[in-house]
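Please review the following briefing on side-chain contacts. The sequence and the structure come first, and the notes follow by topic.

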Amino acid sequence: MSATRAPRSKRLRSALLTAAFLSPWLIGFSVFFAYPLLSTVYFSFTRYDGFRPPAFNGTDNWSYVLTDYPLFWPAMRNTLWLVAVMVSCRVVFGLGVGLLATRIKTGVGVFRTLFHLPYLAPPVAATLAFVFLLNPGTGPANTLLDAVGLPTPGWFTDADWSKPALTALALWGVGDLMVVFMAALLDVPKEQYEAAELDGAGAWARLRHITLPNISPIILFAVVTGVIQAMQYYTQPLVAGKVASGVIGGSGQQFEPGYPDRSTLTLPQLVHNLGFQRFDYGAACVVALVLFALSMAFTALLMRRRGALIGAGR
């Protein structure tokens, strides 16, 4: 009997020791992830304004957001557009800049600094500067375009150009991806390039069959983190819409996000608008859960199809 109890006691002590070492993570996971997530699910089925106790109302919030709330589907389309276009452009452009930074021989320090500094600019300040640079009437961008005879878009005042303008802003701050890709590119074995050159492989063949397969985990990391950031895209479109519309802020001013014509409206803006401006926390929780589900779905899809990120290079 004692021989049986000894292994059980040892396993129990081992389990308790493991739980003790895991306790900081378990506490953090429970407090900062599990509890907020479960609370969000609960509040999504209640009528709650933050002042009175929540009252269960079934699926009324879900029905309202998905069928009756006029801003939800425009925000959904804009968010998916940013995920598909802005993330793709940032990854491709960041990889291109990283490749260029590893190839140039003179002035590489200045080149890296010029591309990395914009990333360090605060989002609000960077967005304000970009809005003024792309001002259709007085901005230098349209002045230069007009001088060479090219069309002058309305940028942040035109619904057709507002999302491309946000994408240009994201490309301007691509310094973070440049650094990540530079580190990955410098880690690719030079022997593989030398062997490929001896076999007569050109620059495109080396990129396709050597560079991309070697850095595919970094490409996956850049895409996944880019998708998550796009799902949380809040500050830049809100500030751009406010400045372009002339509503800078102040007491007594009410601003509906999405200017112009709901083209810069994103799902995170709806969470703030519903929860902290309209005090409809139940509907805000519905939008937050949709964002969470989309982020998980995109991440799972990318993790399962990581080979597609490098095409037929393998």
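Tyr64 is partly exposed, with a relative accessibility of 31%, whereas Tyr69 is buried at 4% (buried means under 20% relative accessible area, exposed over 50%, partly exposed in between; 1.4 Å probe, protein chains only). The model is predicted: local features need pLDDT of at least 70, side-chain atom pairs count only at pLDDT 80 or more, and totals for chains, interfaces and linings use all residues. Residues are numbered from 1 along each chain as its sequence is written, and side-chain values use heavy atoms, with hydrogens and water left out.

**Aromatic pairs**
- The count is 15 aromatic pairs, where rings of Phe, Tyr and Trp (its six-membered ring) pair if their centres lie within 6.5 Å; planes under 30 degrees apart are stacked, over 60 edge-to-face and the rest tilted.
- Phe51 and Phe279 form a tilted pair because their planes stand at 55°, with the ring centres 5.6 Å apart.
- Phe51 is exposed at 66%, and Phe279 is partly exposed at 36%.
- Tyr64 and Tyr69 also form a tilted pair, at 5.5 Å centre to centre and 35° between the planes.
- Ring pairs join Tyr42, Phe43, Tyr48, Phe276 and Tyr281 in a cluster.

**Salt bridges**
- There are 2 salt bridges, each defined as a side-chain nitrogen of Lys or Arg within 4 Å of a carboxyl oxygen of Asp or Glu.
- Asp49 and Arg52 are bridged at 2.8 Å, N to O; Asp49 is buried at 16%, while Arg52 is exposed at 59%.
- Asp176 and Arg90 form a salt bridge with their closest N and O atoms 3.1 Å apart, and both residues are buried.
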